[in-house]
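Trainee: I would like to go through the terms used for this model and see what each one rests on.
Mentor: Then ask about them one at a time.

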Amino acid sequence: MSTPPAAADFDSAVAALYSQLHQSTTPAALNAAAARRTNTIHDMHTYLHRLGLELNNTAHDDGRSNHHLANPTQQSSCNHTLPPLIIHITGTKGKGSTLSYCESLLRNTYGLTTGMFTSPHLVCIRERIRINGIPVSKKVFAEVYWTVRRMLERNCHVMLQQQQHSNDATADVDDGNSSQGSDQELLLPPLPTLPGYFRMLTLMALYTFAHHDGPKVDAILLEVGMGGRYDATNVFEPHNDNNNRRILVRGITLIDFDHTRVLGSTLEQIAWEKGGIFVSNKRGKIHGNDGGYDKFLIGHEEQQEEEEYEDEERIGYNNTLYVNGSNTPQVANVLRTIAREEKDSSLLQLVQDSYLDSIPELNFHATHQRGNAALALAICQHAILQYQMQQQQQHCYYRTTLSNNGNVTKEQISAALNNTFWPGRCHTLTLPSSDNDNQEVSLKLRCDGAHTPISINACINWFQSILTSYSETTSDSVHKVLIFNCGHERNPIPLLHTLHQSGLFDRVYFSRADFERPSAMPKQLLDEWRKEEILTIVEPMSGEECATVNYEVMCNTLNELGMTTSSDAAECDGMTKRTWQHTLASIWKVIDLYHSSQVVEKKSHPSTNVDSKKVVVGLKVVDAIEDIKKHQQEALREVNGGKASVEILVTGSLYLVGSALEAVGWEEGESEGRLSIH
C-alpha cells in the first residue's frame, strides 16, 4: 500500500489525483486502462463493494455481508445509504446543461437537496462534485479523497489475505454474473488497487452523496463521462417491484460525432454506446464478452423505423427513458431498439421543444438550450411522480417532503429554468480595461465549450445574436476576437471551417489550454498534414459553386506564409512552429486560401471577408487576453474618439474555456455541509 502524505489536505489530494496513482501517462498504462474499458461496470462494483456502498436495494444488492471489510458502511439504516432518487444523463451535446436544469428544478421547485457529479471541471476540481448546485468545500473534497483511498487500499489488502487462505474463487468479489468471465479468462491486466482518475472521482462523488450531512442529499444527478455503456457512472439499476425501491430516471441529449476513436465513426454506433445507460441487469449484459456493437447489429440491420410513441402513453410508467427529440431518426431507432430489448421494463419517449410551450415567460441565453430544458422538465416531472408514489408507501428513504406536496405552478417552473446557470456554456463576463480610467472601451468575454460541428453552429448563433443586439441598441464600434483550441483527437476542419465561414472575426488566436487530458493518440503537427487532404473535407462543405482549386498556387503560398504573431509576443514563449496550435492555424490558412480569389475561380460563392484577418499562434489564454487588451486602443482610434466594444469568443474546448475563466480570476464558492462518517 502507498503511504499518504503527512498532511492529507486538499492540495495533496489534488496532487495525488494528478499523479501516476490515478493517471495513465505512459503508452503501457494507457493501453492497460483501455483494455479494461468494457469491464468498467464489473470493476466499479468491486470498488463500490470495498467502500461498503449499496447501490440498488434496501439491503446489500447481492445479499452478502460487509463484515469482512474494514469499517464497513452500515447499510441497514436509511441514513447511511445512497439517496433514493438518481437522474442519469448522457449524450454528446447539452449533458451538463440538461443536468443543471434538472438540478435547479428539483431544488428550487420541489425543495429537494441535490448532489451533482459532472465533468470536466473548468477551474477547480471541486466543481465536479456539487451539493445544491455549489462545489463541495476543500475540506470535504480532501476528506472524501483520503477516506475513499484508505478504504480501497485497506480492504483490497484484507480481501487478498482472505483469498490466499481460502482459495475460494468468489473471494475476489465477483459481484455476480460469472458468465462474463474472470479477468484471467478475458486476458485483462490486473485490477489496480486504486482506480483511474475518472473512476476515482465517480467513487468520491457517490461516497460524498451517501455520507453528506447538513444537509443530507435527496437526489443524485450524474453526468456520463464518455459514452455511457462502459462508463463508470453506469452502475445503477432501474426500479423494480422487488427489493429495489430506488428511482432511476435516464435521459439522452442530442447525439453528435465526438470521441469517435473510442465510441465509433457513425451516429448509430455512438447511439448504441450511449444507449447502454438504458440497459437493466447491467453486470449480466455489459462486460468484456458482450459482443459489442457487432452483436447488436445482428438481427437489427433491416429494422424499419417505428412510429413514435405518444407522450400521453408514458405518464406514470416506472422506467420511461427520455431522449431529446431533435436526434436523427436513425439515432432514435437505435435507442428505441435498446429500450425494446428490455421488454416491458422500459419505454422510450422523444421529448420535443414543444414540451415547454405551456410554460410562460421563458428566457434562455441561447435558443438551443430550449431542447435541453424541455428534456430536463420531462425527466424531473417523471421523477417527482415516482417520488410521490414511493412516499405514499412510507419508505424511510423518501424522507423529504416535497414543496407544496409536489404541486408546483408553471410560473415556478419558469423561474427555476430561467435562473439556471451552467459555467462555461453561453457564459458572459465583463473584463476590466487595461487602463482602469478608460471607460471608452468595453470588453466582454463570451465562453462556450462547444467542440462538435452541431455545437459550434449553436455557439455561432449565440454569438451572432449578441452582435445583432449591438446593432439594435448602440452605435458603438464592435471588434470581434476568436480564441480557439480543440482536442487533438478531434477533427478540427469542420469546426474551423464553420467559424471561418461565419465571417465574424477581426482577429484570431490559436491558444493553448493550461491542462489537457492524457491521450495515447499523437498530435498531428504542421508538416504531417497534406493540404489536399484538408481540401477533400473543405470542398464538400463549401457547396458546389466553387470552381477548380489551383493547388500549386495554394501550396506555394502556404510555404511562403509565416504564422502572423503579435508584435508584443513574436516569440510565442519560445515555442517553435511544431505545435498543435500551428496545425490549427495552418488549416485556417488553407481554408482562407481556398476561399480567396488567389486560389479559387469563384462563380457565385459568398464572400467571407477574411483575407486580412490577423492570426496569433501559441499564446496561453491569459497572454492572449492581455494581448487583446493591449490592442483595445487600436479599436478606440479607429472610431475617432467614439466608444468601442471588444467581443471575445472563447470556444472549441471546455479545457480552453476553463483556462480563460481562470485567467480572469473567475471562481465559484463552496457549499455548506460536512461528511458524516462513522
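**Terms and their cut-offs**

Mentor: Start with a polar contact: a polar atom of the side chain of asparagine 418 lies 2.8 Å from the backbone nitrogen of asparagine 363. The model is predicted, with local features needing pLDDT of at least 70 and side-chain atom pairs pLDDT 80 or more, while totals for chains, interfaces and linings use all residues. Residues are numbered from 1 along each chain as its sequence is written, and side-chain values use heavy atoms, with hydrogens and water left out.

Trainee: What makes the 2.8 Å between asparagine 418 and asparagine 363 a polar contact?

Mentor: A polar contact is a pair of N or O atoms within 3.5 Å; within protein, one must be able to donate a hydrogen and the other to accept it, and residues adjacent in sequence count only if both atoms are side-chain atoms. The 2.8 Å between asparagine 418 and asparagine 363 meets that limit.

Trainee: Which residues does asparagine 418 touch, leaving out those up to four places away in sequence?

Mentor: Asparagine 418 touches Glu361, Leu362 and Asn363, where contact means heavy atoms within 4.5 Å.

Trainee: Why is asparagine 418 called partly exposed?

Mentor: Buried means under 20% relative accessible area, exposed over 50%, and partly exposed in between (1.4 Å probe, protein chains only). Asparagine 418 has 25% relative accessibility, so it counts as partly exposed.

Trainee: Where is asparagine 418 found?

Mentor: Asparagine 418 belongs to helix 13 (residues 410-418). Helices (H or I, at least four residues) and strands (E, at least two) are DSSP runs, numbered from the N terminus.

Trainee: Is threonine 208 buried or exposed, and how do you know?

Mentor: Threonine 208 has 1% relative accessibility, so it counts as buried. Threonine 208 sits in helix 6 (residues 197-211), and its side chain reaches the backbone oxygen of methionine 204 at 2.8 Å. Beyond its neighbours within four places in sequence, threonine 208 is in contact with Ile129, Val136, Val140, Val144 and Leu675.

Trainee: What makes glutamate 153 and arginine 149 a salt bridge?

Mentor: A salt bridge is a side-chain nitrogen of Lys or Arg within 4 Å of a carboxyl oxygen of Asp or Glu. For glutamate 153 and arginine 149 the N to O value is 3.5 Å, so the pair qualifies. Both residues lie in helix 5 (residues 138-166), four residues apart, about one turn of the helix. Glutamate 153 is buried at 5%, and arginine 149 is buried at 2%.

Trainee: How many salt bridges does the structure hold?

Mentor: There are 15 salt bridges. Arg36, Asp43 and Arg199 are linked in a network of them. Another salt bridge joins glutamate 647 and arginine 446, whose closest N and O atoms are 2.7 Å apart. Glutamate 647 lies in strand 17 (residues 644-651) and arginine 446 in strand 11, so the pair ties together parts that are 201 residues apart in sequence. Glutamate 647 is buried at 0%, and arginine 446 is buried at 9%.

Trainee: How do you know that strand 1 and strand 7 pair?

Mentor: Two strands pair if DSSP finds at least two bridges between them. Strand 1 (residues 85-90) and strand 7 (residues 247-252) are joined by six bridges and run parallel, so they pair. Within that pairing, isoleucine 86 stands opposite leucine 248 in strand 7.

Trainee: What is the order of the eight strands in the open sheet?

Mentor: The order is 4-3-2-6-1-7-8-9, with mixed pairing.

Trainee: Why are strand 4 and strand 9 said to stand at the edges?

Mentor: Strand 4 (134-135) and strand 9 (347-351) each have a single partner strand, so one side of each is left without a neighbour in the sheet.

Trainee: Which peptide bond involving proline 120 is cis?

Mentor: The bond from serine 119 to proline 120 is cis, with omega near -10°. Proline 120 is in the loop between strand 2 (114-117) and strand 3 (129-131).
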